[in-house]
Amino acid sequence: MLVIDLDDTLLTDDHKISPENKEMLFKAQELGVYVVLASGRPTSAMMDYAKELQCDVHNSFMISFNGSTITDLKEDKVLFEHALTKEQVHALYDFSRQHNTHIITYLNGQIISETNSEYIDIESSITGLEHIIVPNFKEAVTTSAVKCLLLEEPSYLKSVESILKAAMPDLSICMSKPFFLEAAPNGVDKGASVKFLAEKLNIHQSEIIAIGNAGNDLTMIEYAGLGVWVANVTPDLKDKGDVIVASNNDHGVAEVVRRFILS
């Protein structure tokens, strides 16, 4: 099983899959390798990429919302989903107000927030989801939600990360981009979902390669038999993988397939 993060890993900076990466991933699938996309993105913002790679044709799966949701692409159905409770979402909102960050969540295929920000605009652009500004966040969120993002200037948000981890140890907290601090239910992360899938498919840990670039990829990098960073990895993570390959703009995923699957 080859598990690949999307943004800044498989995708180039203009959010495309390079022909080189695509060709190698087709070859891997022809050999019987499951190609599993694993992203912090919402499910709907990943599906076109999965279909472009024909992951549905090859009976594969997809991990979205940083591990909160696993989709069976052949059957087009959710295999696993674990969401934050309404109370947890509201507590995160209170924390965000106290620590002066923006906060968003996802409802009915839309991004929900009380505020606007350049960082929310980036998330809307990446995911293709409409951003709805509501007058009252808590009144708008009356059900569970898959995850929340706290957003702010990177150096400040990094300091907020440690405070949030201490304040809410019952949540899974990680950085997916320098300006995105993600919160999901405890025990939910990419690594846990890769483990769940591997056990379902009877694939041994040693038969898994994971490729990523950021903090939200660390759990799957550590779980996989071979954990690979692309060259544009967040600097403080470099020593926490097994191999570093070319960057997202230089077809690092294709390099992994050539070196470790086709050779």
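**Entry 1: the lining of the largest pocket**

I began with strand E10, which gives the most to the lining of the largest pocket, 6 residues in total. I kept in mind that this is a predicted model. Which other elements supply at least two residues of this lining? I found helix H7 (154-167), strand E11 (180-185) and helix H9 (218-223) next to E10 (171-177) on that list.

I then looked up the volume of this largest pocket, and it is about 540 Å³. The pocket is lined by 30 residues, and closest to its centre are Glu161, Cys174, Met175, Gly215 and Asn216. Sorting the lining by class, I got 11 charged, 11 nonpolar and 8 polar residues.

**Entry 2: the second largest pocket**

Next I turned to the second largest pocket, with a volume of about 180 Å³.

The volume of the largest cavity is about 170 Å³. I noted 18 lining residues, with Asp7, Ser39, Gly40, Ser176 and Lys177 closest to the centre. Helix H1 (6-10), helix H5 (118-127), E10 and E11 each give two or more residues to this lining. E10 and E11 were already in my notes, as both supply residues to the lining of the largest pocket.

**Entry 3: the nonpolar cores**

In soluble globular proteins, nonpolar side chains tend to be buried together. With that in mind, I looked for the largest nonpolar core and found one of 32 residues. Leu2, Ile4, Leu10, Leu25, Leu37 and Ile211 have the most contacts inside it. Helix H10 (residues 252-260) gives the most to this core, namely 4 residues.

What does leucine 25 touch, leaving out residues up to four places away in sequence? My list reads Leu2, Ile4, Leu10, Val35, Leu53, Val253 and Val257. Another core, of 23 residues, lies apart from the largest one and includes Ile112, Phe137, Leu150 and Leu164.

**Entry 4: a hairpin**

I followed strand E4 (residues 69-72) to strand E5 (residues 77-81): the two run antiparallel and are joined by 4 bridges. One pair I looked up is threonine 71 with its bridge partner in E5, valine 78. Between the strands of this hairpin are 4 residues, and aspartate 76 takes a positive phi near 55°.

**Entry 5: two loop residues**

I finished with two residues in loops. Serine 247 sits between strand E14 (243-245) and H10. Is serine 247 buried or exposed? Its relative accessibility is 13%, so serine 247 counts as buried, the cut-off being under 20%. Beyond residues up to four places away in sequence, serine 247 touches Val230, Ala231, Asn232 and Gly252.

Valine 57 is in the loop between helix H3 (47-52) and strand E3 (61-64). Valine 57 counts as exposed because its relative accessibility is 56%, and exposed means over 50%. I also checked how far valine 57 is from serine 117: they are 60 residues apart in sequence and 39 Å apart in space, C-alpha to C-alpha.

How values were computed:
Residues numbered from 1 in each chain as written. Predicted model: local features only at pLDDT ≥ 70, side-chain atom pairs only at ≥ 80, totals over all residues. Heavy atoms only, no water. Core = buried A, V, L, I, M, F, W, Y, C linked by side-chain atoms within 4.5 Å. Buried < 20%, exposed > 50% of the residue type's maximum accessible area, 1.4 Å probe, protein only. Contact = heavy atoms within 4.5 Å. 1 Å grid on protein atoms, 1.4 Å probe; cavity = no way out; pocket = protein on both sides within 12 Å on 5 of 7 lines; lining within 4 Å. Points joined across faces, edges and corners; volume = space filled by probe spheres on them. Nonpolar A, V, L, I, M, F, W, Y, C, P; charged D, E, K, R; others polar. Pairing = 2+ DSSP bridges.
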